[in-house]
Structures are given as structure tokens and as C-alpha cells.
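Here are a few notes from going through this one. Have the structure open while you read, and take the points in order.

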Amino acid sequence: MTNTYRQCTRCIMDTTVPGIQFDAAGECNFCALHDKMDRAFPLGEAGARHVQEMVADIRKTGEGKKYDCVLGVSGGRDSSFTLWYCVVKLGLRPLAVHFNDGFGNPVAGENMTKACRKLGVEMRTITSDWRESKDLKIAFLKASVPDMEEGTDVGIATALYGVAAKEGIQRIVIGQSFRTEGIAPLSWNYLDGKYLKAVHKQFGTVPLRPWKPADPGFHLDIKEMFYYAFIRRIKTVTLLYHVDYVRADVDQLLERELDWVNPGAHYFDDLYQSVIYYLNRTKFNIDRRLFNYSALVRSGQMPRPVALERVQHVNKIEDQKVIELCIKRLGLTRAEFDQIVATPPTTFRSYPNNYELIRLLKWPIKLLSQFRLIPESAYDKYFNCGT
């Protein structure tokens, strides 16, 4: 971060974002990364050809099986569209997998049920051990880091890998797009199994269940990733990187085709996001909309003046009633919650993690990303997104 406030002349990223840099024209390095990824993952005819290649690969590895891919669902816009697109447009046979940690939005839950019923897709819900998931949330609050959803993020990933391993499925479809979501700076959202265990060891009180291939719990360190990628040969497919995905059009399509209802805000399929956005703003001076809206601005889906105007107001996802509900579900009083979050802010760097090892494995990670043995965004996430 620089001492003088600056804002990108193209998007709305600014000097509150760690690792931001500007070129001579005043455009930031996140815009440069977007353009690089835009060239690497083109849309149009090239994107359509790539999608067909992925579909052929998915069908080949799924031949003779009940399902040819695992697809994560949450009831939000992105995963609902990805499910519809895979079934209706591509003719795939996905097994929909939902991770439930006790904080799901009922509106999103109904969206998933309706979508799977209308599309004839089986949905399998992986419900976490409530004691573990609650304990991890409290542990990350005590750790005083902005990426306080680490447990859920790891839980979602392990649910997908665990079901794929159990069913012998070798492809996982992910409903994520850098063109509409952007990529967060590492210190805002760092995903690492060793980091999770370190925070849990220091602040947790409930032992984590041991790892099993088909029931991984909250374990996703380097050795588990090696098992899924190289022993079980599971690959991830970021479908929306190659599809012309326009949010405004998608909302209308989902309402028409799946009777979908907007959960109320982006990411609000998870009620705990109310707590995250509130604490990010009030404790860490972080507005996660900066990288979300900036992605939409770069993609031509939101005018820059509109994005600038919206971030002048508190995000509507910060619903105080929902925040109180989440605190109650954690088993805390408001006074206990306020006391926990009053500790000075820090980042993942204050705890044992794999970051230095990941930096040493830069080129292998690049190859793994290119071959989709790990998500295609992984390389850019760890090496091109600031600190």
C-alpha cells in the first residue's frame, strides 16, 4: 500500500488493496491481470471450441458411469446458471453437490431444490459436523484475519473432491468467472489447508475428524491435493471462463427456466457473509466489492460511475438482523463476539502456512493449472494478485 491514495483510472481498485501497482496510464496491475486472462481464456468461437473439448473429455471419463461430473451448487446465480448450462446446453450428467455448514440462506436452499427437480439432477448435500464448522468459524474470528470463511471454503472444496472420489468421478465443474468476480488479493482471501490447521490448533477446541478419501472433512493440504489430482486423477473445469456470461441476462434466464429467486445480494446464498462483510469493513478497512465490481467494469457489465456510486454506501448484505442471527448460531453473546473481534487485525502471514513452499513450486503450479489438475485460476491467484 502506498502513502498517497490513488484509484485505478479504468476500474475502481485503489490503494486500500494490498500489492496494487499502477502503470503510466494509471491502470492497475489487476486490470493487466484481467487482460492477460482474457487473452488466455477467449470467448466467442475459440471459447465455444474449448467448451466442446471439455465436454468431450467429461463424457469420455464419465462413460459407463451414472454421473460424468460433480458440480458444486449453492443456490446463487453462478452455480445455478452453471448447472442449467451443463444440463440443458451441454447435455452432461452432473451430480450436484452442496456443502452445508449451518449458515445457508433458505431462499438459496429452495433455489437448489427447484433447479435440481426441474432439471432431473440428483443433489447430494454434504453436511459438516456442526461442532467442527462452528469451532472453525470462532477460531478464525479469534485469529483476527479477514479470510474468516476459510473453514467453509475448504469444506466446499473437500465436499466436491470427496464425492468425486467416492463415486469414481474424475471431473469437477466449478461455477466461477474472473470476468464477473475478479480475484481477491492473497491477504484478503488465502486458501491453504496448513493455514486452517494452524489457526485451529491455536484457537480451536473441537478436534477435527481424521481425513478419509471419501470423507475428507476439513483436510485439504498439499498431500491431499496430490492424492486427488494424481492418484484419483480428478481435474477441475472452470466452465464460465469460456462462456459469455452476462449477469443481467442470466438473472432473467434463471427466473424463467428454474423459477429462481435472487437471494438478495451476491454471495448471500451464505448468511455468514453478513458477518464477513461487516467485519471486513469495520475492522480491516476492506470492501470486497472493489474486486467484484472492478471485474464487472472491465467486462463491460457495470458502468464505472455506477460502481463508484455503489461503494459509497454500505453493502446491503450487512443485515444487522442476520448478523445477530449468525452470532447466536455460533453460541456467542453480542458482548462475547465484540470482545473477540476487538483484537488487532492481522493476516494469514501471522500463522504457519504453505505460502513459501507454494512460491518455490511456482512452475509446477503453473503446469498443474494449465492441465486443470488444480483450478485454472490458482497460478494467478498465488503469483499475480498482489500480497
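1. Let's start with a single residue. Thr152 sits in helix α6, which covers residues 150-167. Keep in mind that this is a predicted model.

2. Is Thr152 buried or exposed? Its relative accessible area is 9%, and the cut-off for buried is under 20%, so Thr152 counts as buried. Leaving aside residues up to four places away in sequence, Thr152 touches Phe99, Asp101 and Lys137.

3. Now for the domains. The assignment for the protein chain gives domain 1 as 45-286 + 319-352 and domain 2 as 354-386. Domain 1 puts 28 residues into the contact, and domain 2 puts in 17 residues. Going by C-alpha atoms, the centres of domain 1 and domain 2 are 19 Å apart.

4. What holds for the interface itself? Domain 1 and domain 2 bury about 1,900 Å² between them, with 55% of that on carbon and sulfur atoms. If you go looking for salt bridges across the interface of domain 1 and domain 2, the rule finds zero. Polar contacts between domain 1 and domain 2 do turn up: three residue pairs, both partners at pLDDT 80 or more.

5. Which elements of domain 1 each supply at least two residues to the side that touches domain 2? They are α2 (44-61), α9 (222-231) and β5 (235-237). Of the residues on that side, α9 brings the largest share, with four.

6. As for the make-up of the side of domain 1 that touches domain 2, its residues split into 17 nonpolar, five polar and six charged.

Terms used:
Residues are numbered from 1 along each chain as its sequence is written. This is a predicted model: local features need pLDDT of at least 70, side-chain atom pairs count only at pLDDT 80 or more; totals for chains, interfaces and linings use all residues. Side-chain values use heavy atoms; hydrogens and water are left out. Domain bounds come from an automatic or database domain assignment. Contact means heavy atoms within 4.5 Å. Buried area is the accessible area (1.4 Å probe) that two parts lose on being put together, summed over both. A salt bridge is a side-chain nitrogen of Lys or Arg within 4 Å of a carboxyl oxygen of Asp or Glu. A polar contact is a pair of N or O atoms within 3.5 Å; within protein, one must be able to donate a hydrogen and the other to accept it, and residues adjacent in sequence count only if both atoms are side-chain atoms. Ala, Val, Leu, Ile, Met, Phe, Trp, Tyr, Cys and Pro count as nonpolar, Asp, Glu, Lys and Arg as charged, and the others, Gly among them, as polar. Buried means under 20% relative accessible area, exposed over 50%, partly exposed in between (1.4 Å probe, protein chains only).
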